[in-house]
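Dear colleague,

I am handing over the structure below, and after it I set out what was found. Please read the notes with the model open beside them.

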Amino acid sequence: MLALLERGPRYGYQLRAEFEDSTGSTWPLNIGQVYTTLNRLDRDGLVRALPENDGGQRPYEITGEGRAELALWFATPIARADRPRDELAIKLALAITTPGIDVQAVVMAQRSATMRALQEYTRLKRTDAELPWRLVLESMIFQSEAELRWLDHCETALVRYDKPAPAPLPTHDDTPREARR
């Protein structure tokens, strides 16, 4: 939001539209989340609410503190720990350890979906897109290609995997202890 407000005062719907335009609508924003974020940024002194315009919309503008925070954000690399969890890695780890799950089928289903997505991204890349959208699209292409390579690795690892035999369940001997002597 701060990067969009650096362009000038905007109200929520404008921010949502500009974000989606800048990212090719890859990550649609819920308008409620936009206003929740604006309220938090206002509370933290990073933006300031302006008076409502004639249309009843309340624009926001970035503050000096917001500009400093934005500069810091652009200057700070994104750490792997700051990214959301990898749902696919979690799914495969759980599939391996869950009885009755065909892990190969899980890998193949993911491979098919990732391949379809990669084909669609590649098709979209052929269109004449502006640089911001093209960069987002190329990032998605590279991520899909990396995911396919990782799925290849998973299949190889699964072939070599010796699944440990399940531990025997404890038995409960109903015979009283004295009678077993």
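Helices (H or I, at least four residues) and strands (E, at least two) are taken here as DSSP runs, numbered from the N terminus. Ile78, for instance, lies in the loop between helix H4 (64–75) and helix H5 (87–97). Please keep in mind that this is a predicted model, in which local features need pLDDT of at least 70 and side-chain atom pairs count only at pLDDT 80 or more, while totals for chains, interfaces and linings use all residues. Residues are numbered from 1 along each chain as its sequence is written, and side-chain values use heavy atoms, with hydrogens and water left out.

The chain as a whole

The protein chain has 7 helices and 2 strands, and from the N terminus on its elements run α-α-α-β-β-α-α-α-α. Of its 181 residues, 26% count as buried, where buried means under 20% relative accessible area, exposed over 50%, and partly exposed in between (1.4 Å probe, protein chains only). The accessible surface of the protein chain comes to about 13100 Å², of which 55% belongs to carbon and sulfur atoms; such areas come from the Shrake-Rupley method with a 1.4 Å probe, and for residues only the protein chains shown count as cover. If contact is taken to mean heavy atoms within 4.5 Å, then among contacts between residues at least 6 apart in sequence, 48% join residues at least 24 apart.

Helix H7 and its cover

Helix H7 covers residues 131–160, and at 1.5 Å a residue its 30 residues should span 44 Å, which agrees with the 44 Å that separate its end C-alpha atoms; the expected span is 1.5 Å times one less than the number of residues. The buried residues of H7 include Trp133, Leu137, Glu138, Leu148, Leu151 and Glu155, and what covers the buried residues of this helix includes helix H2 (12–22), H5 and helix H6 (103–125).

Leu124 is found in helix H6 and is partly exposed, with a relative accessible area of 22%; leaving aside neighbours within four places in sequence, Leu124 is in contact with Trp133 and Leu137. The C-alpha atoms of Leu124 and Glu138, which are 14 residues apart along the chain, are separated by 9.9 Å.

Arg111 also lies in helix H6, and at 16% relative accessibility Arg111 counts as buried. Leaving aside neighbours within four places in sequence, Arg111 is in contact with Leu148, Leu151, Asp152 and Glu155. The side chains of Asp152 and Arg111 meet in a salt bridge (2.9 Å, N to O), a term that stands for a side-chain nitrogen of Lys or Arg within 4 Å of a carboxyl oxygen of Asp or Glu. This pair links distant parts of the chain, with Asp152 in helix H7 and Arg111 in helix H6, 41 residues apart. Asp152, at 39% relative accessibility, counts as partly exposed.

Other salt bridges

How many salt bridges does the structure hold? There are 11 salt bridges in the structure. One of them joins Glu6 to Arg67, the closest N and O atoms being 3.0 Å apart, and this pair links distant parts of the chain, since Glu6 is in the loop between helix H1 (2–5) and H2 while Arg67 is in helix H4, 61 residues apart. Glu6 counts as partly exposed at 39% relative accessibility, and Arg67 counts as partly exposed at 41%. Arg58 forms a salt bridge with Glu52, with 3.8 Å between the closest N and O atoms, and Arg7, Arg10 and Glu18 are linked in a network of salt bridges.

A buried threonine and a surface patch

Thr63 has its place in the loop between strand E2 (60–62) and H4, and Thr63 is buried, with a relative accessible area of 7%. A polar atom of the Thr63 side chain lies 2.7 Å from the backbone oxygen of Gly45. Leaving aside neighbours within four places in sequence, Thr63 is in contact with Gly45, Leu46, Val47 and Arg48.

Lastly, Trp73, Phe74 and Ile78 make a nonpolar surface patch of about 380 Å². Patches are made of residues with over 30% relative accessible area and no salt bridge, where like charges are joined within 9 Å and nonpolar side chains (Val, Leu, Ile, Met, Phe, Trp, Tyr) within 5 Å.

Methods:
A polar contact is a pair of N or O atoms within 3.5 Å; within protein, one must be able to donate a hydrogen and the other to accept it, and residues adjacent in sequence count only if both atoms are side-chain atoms.
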